[in-house]
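Take a look at the model below. Then read on for a short tour, from the whole chain down to single side chains.

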Amino acid sequence: GIPFDRPAAPPGARPAAALILVYPGHDGEAMLVLTERVDYGGHHSGEVSLPGGKVDPGDADAAATALREAWEEVGLDVEAAGVEVVGTLDALWIPPSNFRVEPVVAIAARRPSLVPDPREVAAIMEAPVTAFLPDVAPMIIDPDPRGRPLRYGAYLVEGRIVWGATAAILGQFGAVLRSEEH
């Protein structure tokens, strides 16, 4: 799997949350929603990521942030899909943007009807949960897409590379799922 020995967030890191939304796919397989960010030239533009973003002052907690961002980015209707937040994973610091991301795990009773916000999301992608289990060998990319000499694990979803913090979060999610099966 992907190693999780990433540095802890410094005191000044900006709080953020990401949503791991698990829902039944067309054939009943457990699926996750991912977004392809609009390419705006910033740190994370054009990347495949989980719905999410920075904490707003009005957000009660990380779950509130993640669900609000999912509503803004992909139109997730929590009530219509029967979404229930089940927990959080270890927070992850993303040095380039200095965000400390708390991954929020939620389960939807029904497959959500999602529509991308064209200002933020270029495309909505679906991935089976099984793509991130520990026995899936991550691709080793060397160097990274921006040419930095960095080796890292990544996953391939719908022909797109899922890397960086998103890959680390989903690898951690897969490891938690696998451990709960035993």
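## The chain at a glance

The protein chain has an accessible surface of about 9,200 Å², and carbon and sulfur atoms hold 56% of that surface. Such areas come from the Shrake-Rupley method with a 1.4 Å probe, and for residues only the protein chains shown count as cover.

This is a predicted model: local features need pLDDT of at least 70, side-chain atom pairs count only at pLDDT 80 or more, and totals for chains, interfaces and linings use all residues. Residues are numbered from 1 along each chain as its sequence is written, and side-chain values use heavy atoms, with hydrogens and water left out.

The chain holds 3 helices and 11 strands. Helices (H or I, at least four residues) and strands (E, at least two) are DSSP runs, numbered from the N terminus. Their order is β-β-β-β-α-α-β-β-β-β-β-β-β-α. Of the 182 residues, 45% are buried. Buried means under 20% relative accessible area, exposed over 50%, and partly exposed in between (1.4 Å probe, protein chains only).

## The cores

A nonpolar core is a set of buried Ala, Val, Leu, Ile, Met, Phe, Trp, Tyr and Cys residues joined through side-chain atoms within 4.5 Å. The largest one has 27 residues. Which of them touch the most other members? They are Ile20, Leu32, Leu34, Phe132 and Phe173. Several elements give two or more residues to this core, including β1 (14-24), β2 (30-37) and α3 (164-181). The most come from α3, with 6 residues.

Phe173 is in contact (heavy atoms within 4.5 Å) with Ile20, Val22, Leu32, Leu89, Val105 and Val129, leaving aside neighbours within four places in sequence. A second, separate core has 18 residues, among them Ala17 and Val74.

Met31 lies in strand β2. Is Met31 buried or exposed? Its relative accessible area is 12%, so Met31 is buried.

| Pair | Distance | What is compared |
|---|---|---|
| Met31 and Ile107 | 9.9 Å | C-alpha atoms |
| Phe132 and Tyr155 | 4.9 Å | centre to centre |
| Arg14 and Phe99 | 3.9 Å | charged end to ring centre |

Phe132 and Tyr155 form an edge-to-face pair, with 80° between the planes. Rings of Phe, Tyr and Trp (its six-membered ring) pair if their centres lie within 6.5 Å; planes under 30 degrees apart count as stacked, over 60 as edge-to-face and the rest as tilted. Both Phe132 and Tyr155 are buried.

The charged end of Arg14 sits over the ring of Phe99. That requires NZ of Lys or CZ of Arg within 6 Å of the ring centre and within 35 degrees of the ring normal.
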